[in-house]
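Here's a quick briefing to read alongside the structure. Have the viewer open and follow the topics one by one.

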Amino acid sequence: MPSRSTLHPSDAPSAPSHHHATNPRAAAARIALVGNPNTGKTTLFNALTGFRRHVANYPGVTVEVAHGTITGTSVELLDLPGSYSLAANSPDEAVLLDALCGRIPGQPPPDAILAIVDASVLPRNLYLLSQVLEIGLPVVIALNMIDVAQSRGVAIDAPELSHRLGVPVVPVVATDPRTLPPLIDLLRAALPGQRTAASGPELPADLTRLRAALPAAPNPAIALRVLLDRDGAAPRAYLAAGGSRAALDAARRQLDDQHIDVAAEVRARYAWIGRLLDGVVTRPPQPVTTWTARLDWLLTHRVWGALVLALVLFVLFQSIFRWSQPLMDFISDRLMGSLAALATVALPEGAVRSLLVDGLIAGVGGVLVFLPQIMILFGLIAILEDSGYIARAAFMVDRIMRAAGLSGRSFIPLLSSFACAVPAIMGARVIADRRDRIVTILIAPFMSCSARLPVYVLMTSAFIPDRYFLGGWIGLRGLVMMGMYLIGVVVAIPVAWLLKKTVLAGPPPGFVLELPTYKLPRLRAVWQRMSHAGAHFISRAGTVILAVSIAVWALAYFPRSATTEQRVRATAVAAGWDESRTDAALQAEFARHSFLGRIGRALEPAIRPIGWDWRIGAAIVASFPAREVVVSSLGTIFSLGHDADEADLRGALAAATWSDSGRPLFTVSSALALMVFFALCAQCASTLVMIGRETGNWLWPVASFSFMTAVAYVAALLTAVIARGLGCDG
Amino acid sequence: MSLLNAPTARRMRVTAVRSRNAASFRLMEMGLIEGAEVTVLRRAPLGDPMHVRVGDSELSLRNADAESIDVAPF
Ligand SMILES: Nc1nc2c(ncn2[C@@H]2O[C@H](COP(=O)(O)OP(=O)(O)O)[C@@H](O)[C@H]2O)c(=O)[nH]1
């Protein structure tokens with residue numbers, strides 16, 4: 001076909017190929033692992049590197065790029081994000097092409113590409129491969145899932161495929177290490193020079209001509225994306241780097257005249273794939289009924305599927321909400337508790353001891369306590385993902401999630417957020433679309449997490465009357481608790497919707513989801529995900545959370561004047577108080593004069609209309625590191641000693657009065673308002689740090705905190721006013 | 001006929017993909033192009049999205065996207 005140009009890898013003159021042929025450190029070759037999602041890419045990476053996976057932090061890149069060394073060699077393997085195509089809408093999707101072309105700051109391009117393709121879905125996998133070949137780097141193909149293809153009666157002539165492509169094709173089963181040595185030998189051997197000419201897809205001649213003519217495009221693969229991806233990341237990057245808008249517009253006009261768009265590219269590539277595979281793939285005359293088909297009948301069934309989903313969600317929720325409890329108790333009570341007790345005994349009373357016990361140990365405990373939930377959630381997500389079930393769950397609930405402008409992918413992270421927003425925000429990585437992921441991350445903290453429960457329980461049991469309706473079936477306290485769980489959802493839906501319409505507006509990503517064949521998850525891979533999630537949390541969020549805890553401790557501790565102490569002691573002697581009563585009064589007085597107390601008093605004019613005085617304000621501010629801290633802060637401020645229990649606290653709160661009028665401080669309306677405030681506020685440093693880390697932009701947590709605090713304040717005020725208006729305070 | 005109205009479990013051939021948005025490009029890249037064989041396997045419990053087999057792979061797409069794909073009996 002003379003009117004079309006034939007493209008093959010060596011048509012990419014400016015591509016960064018071969019440069020380690022002259023590299024004296026040729027031993028340290030870097031190979032990029034590339035493939036569609038669900039092809040077994042992670043499994044192959046782990047098998048080749050012996051599960052030693054290091055996550056690289058690229059500036060501005062929020063998707064995970066891991067690297068490791070291929071066992072027995074000095075070859076470094078890069079695990080790039082799975083993708084169906086080099087076309088990219090978001091910066092996250094663009095990482096693949098950028099990494100392959102050496103466009104990530106500080107990262108040289110790889111020396112070669114290991115392309116993994118799924119033998120059981122070969123044509124679709126070759127789509128990405130056809131694009132990857134055009135980058136011009138040496139390529140080795142790992143033909144994975146040979147066992148799955150065989151079980152379907154599909155045979156693939158790998159030598160013939162290799163011959164036609166001009167690159168090595170090695171059949172493997174990533175889950176079976178015995179199949180890997182030939183691949184490792186090939187990767188260890190010198191890679192350059194293995195490329196032989198292979199004919200690529202015949203793209204429309206005009207497209208090939210225009211992309212070759214596009215000024216300042218780093219290479220043909222990038223030029224193609226700049227031309228074709230109209231709203232994509234590549235043209236944005238091209239223009240940002242000083243590419244010519246006039247030249248781009250002119251080229252695109254010509255393409256428009258010829259009706260050349262992504263569809264033309266797709267057609268050309270699939271036509272090539274069809275020719276390439278003709279005679280290479282042999283299929284059985286009758287398709288084999290697969291296990292996946294049988295399981296899908298059950299698992300996506302209207303009734304049975306819904307039941308299984310409910311069961312899965314129940315287990316998921318129970319495990320993070322309840323089953324993690326013993327571990328969490330162990331960490332906070334046994335581990336941190338005994339450390340604190342030790343420090344209390346070993347050190348004299350004073351600032352150092354307080355810093356150690358109330359600042360450092362409490363802060364470290366506050367970080368570690370999240371580990372069980374994070375690891376359990378990631379273990380379950382790993383099982384759901386590796387088995388292929390998570391895609392079915394997303395399929396089932398997609399319609400529901402659309403109410404908030406999201407997709408089925410957001411369901412599991414949001415549900416887990418009812419246990420704790422921190423693992424949920426990390427779990428939002430299962431959402432491929434960047435905007436959907438950020439919206440999910442931002443609304444996750446509105447779900448009532450387990451840290452709100454102590455506040456709800458304290459306030460409900462102390463101030464909501466224990467009344468029953470409908471013959472004892474419905475209790476008022478239960479209703480109030482349920483209301484607190486509902487309010488977050490009710491607020492989250494319009495917030496998500498608004499975000500998708502404004503700051504995170506964009507073309508709808510569509511909800512195209514692959515439903516991969518079911519696989520049995522492998523224990524080692526699951527454990528790897530769990531331990532990585534834990535380590536990631538500690539290393540990326542731990543220090544910030546600790547710093548915040550210590551800062552808030554300092555606000556609550558300082559300043560302490562000797563005159564305050566003398567005054568309280570004098571009162572105590574005059575009134576004949578015992579030591580613990582004196583100590584409690586002293587702590588309360590210190591709290592009043594601390595920075596935190598001053599902040600509380602400064603806040604009082606704003607919170608008085610809700611029915612709160614400075615003490616409640618100070619307790620709220622003190623709970624910034626974590627919501628549940630509000631309970632112990634209230635304890636300190638309302639002069640309870642260290643060993644007071646919750647009943648004492650309820651009593652103290654009920655007895656508290658306004659200093660000017662002597663009326664009770666806590667009423668039904670002010671208690672309800674406090675619960676509503678905690679249901680909606682962002683008093684959780686860990687969540688905010690996680691939002692910053694996972695979105696890669698610290699403006700998000702700032703915006704999130706400001707917005708949630710404003711919403712919480714307004715909602716608390718409305719609650720108090722309405723409750724008073726309805727005569728709830730009696 | 002649009003893929004949206006295609007009968008379940010019947011092999012169909014894609015005759016045209018009418019829309020040109022991100023979702024339809026992604027569907028095309030995943031193999032839903034003119035000439036491809038497609039079978040509707042089922043619809044989600046709430047009627048949307050739908051589960052189809054395209055060539056060797058199975059995917060889920062929303063009714064809104066299925067609407068702009070024309071199919072004819074195989
Ligand atoms: N039968 C079979 N299963 C595999 C093979 N390679 C990977 N798997 C399984 O496929 C699932 C997905 O693999 P994973 O490596 O997570 O895929 P990724 O999404 O491409 O990273 C896991 O349950 C693996 O155990 C293979 O060659 N044969």
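At 27% relative accessibility, Arg529(A) falls in the partly exposed class. Keep in mind that this is a predicted model. Arg529(A) has a salt-bridge partner in Glu385(A), with 2.8 Å from N to O.

- The Arg529(A)–Glu385(A) pair ties together distant parts of the chain: Arg529(A) is in helix 23 (residues 523-557) and Glu385(A) in helix 16 (residues 371-387), 144 residues apart.
- Glu385(A) is partly exposed too, with a relative accessible area of 25%.
- Glu134(A) and Arg269(A) make another salt bridge, with their closest N and O atoms 2.9 Å apart. This pair also links distant parts of the chain, 135 residues apart: Glu134(A) sits in the loop between helix 3 (122-133) and strand 6 (139-144) of chain A, and Arg269(A) in helix 11 (residues 262-277).
- Are these two partners buried or exposed? Glu134(A) is buried at a relative accessible area of 5%, and Arg269(A) is buried at 0%.
- Glu134(A) and Arg269(A) also belong to a salt-bridge network that includes Arg211(A), Arg225(A), Asp229(A) and Glu265(A).
- For a local example, look at Arg209(A) and Asp206(A), whose closest N and O atoms are 3.0 Å apart in a salt bridge. Both lie in helix 7 (residues 205-213) of chain A, 3 residues apart, or about one turn of the helix.
- Arg209(A) is partly exposed with a relative accessible area of 44%, and Asp206(A) is partly exposed with 24%.
- Over all chains, a search of the whole structure turns up 36 salt bridges.

**Where chain B meets chain A**

- On the chain B side, 29 residues are in contact with 39 residues of chain A.
- The two chains bury about 3100 Å² between them, with 58% of that on carbon and sulfur atoms. Glu29(B), Asp56(B) and Arg62(B) supply 24% of the area that chain B buries against chain A, more than any other three residues.
- How many salt bridges are there between chain B and chain A? The count is 5. One salt bridge joins the side chains of Asp56(B) and Arg283(A), at 2.7 Å from N to O.
- There are also 13 residue pairs in polar contact across the interface of chain B and chain A.
- Helix 1 (22-29), strand 2 (37-43), strand 3 and strand 4 of chain B each put at least two residues into the side of chain B that touches chain A. Helix 1 of chain B gives the largest share, 7 residues.
- By type, the residues on that side of chain B split into 14 nonpolar, 4 polar and 11 charged.

- Six strands form an open, antiparallel sheet in the order 12(A)-4(B)-3(B)-2(B)-1(B)-5(B). Strand 12 of chain A and strand 5 (69-73) of chain B are at the edges with a single partner strand each, so one side of each has no neighbour in the sheet.
- Strand 12 (residues 513-514) of chain A is joined to strand 4 of chain B by 2 bridges. Leu513(A) stands opposite Ser60(B), and Glu514(A) has Leu59(B) as its bridge partner.
- Strand 4 of chain B is also joined to strand 3 (residues 50-54) of chain B, by 5 bridges; here Val52(B) stands opposite Leu59(B).
- The hairpin of strand 3 and strand 4 of chain B has 2 residues between the strands, and Gly55(B) takes a positive phi near 55°.
- Strand 4 (residues 57-61) of chain B has 5 of its 5 residues buried. Ser57(B), Leu59(B) and Leu61(B) are on one side, with Glu58(B) and Ser60(B) on the other.

**Buried elements of chain A**

- Strand 1 (residues 30-35) of chain A has 6 of its 6 residues buried, so it is largely enclosed by the rest of the structure.
- Strand 1 of chain A runs parallel to strand 4 (residues 76-79) of chain A over 4 bridges, and parallel to strand 5 (residues 112-118) of chain A over 5 bridges.
- In helix 28 (residues 629-637) of chain A, the buried residues include Val630(A), Leu634(A) and Ile637(A). The buried residues of helix 28 pack against several helices of chain A, among them helix 21 (453-463) and helix 30 (668-680).

Definitions and conventions. Residues numbered from 1 in each chain as written. Chains lettered and ligands numbered in written order. Predicted model: local features only at pLDDT ≥ 70, side-chain atom pairs only at ≥ 80, totals over all residues. Heavy atoms only, no water. Buried < 20%, exposed > 50% of the residue type's maximum accessible area, 1.4 Å probe, protein only. Pairing = 2+ DSSP bridges. Contact = heavy atoms within 4.5 Å. Buried area = accessible area lost by both parts, 1.4 Å probe. Salt bridge = Lys/Arg side-chain N within 4 Å of Asp/Glu carboxyl O. Polar contact = N/O pair within 3.5 Å; in protein donor to acceptor, adjacent residues only side chain to side chain. Nonpolar A, V, L, I, M, F, W, Y, C, P; charged D, E, K, R; others polar.
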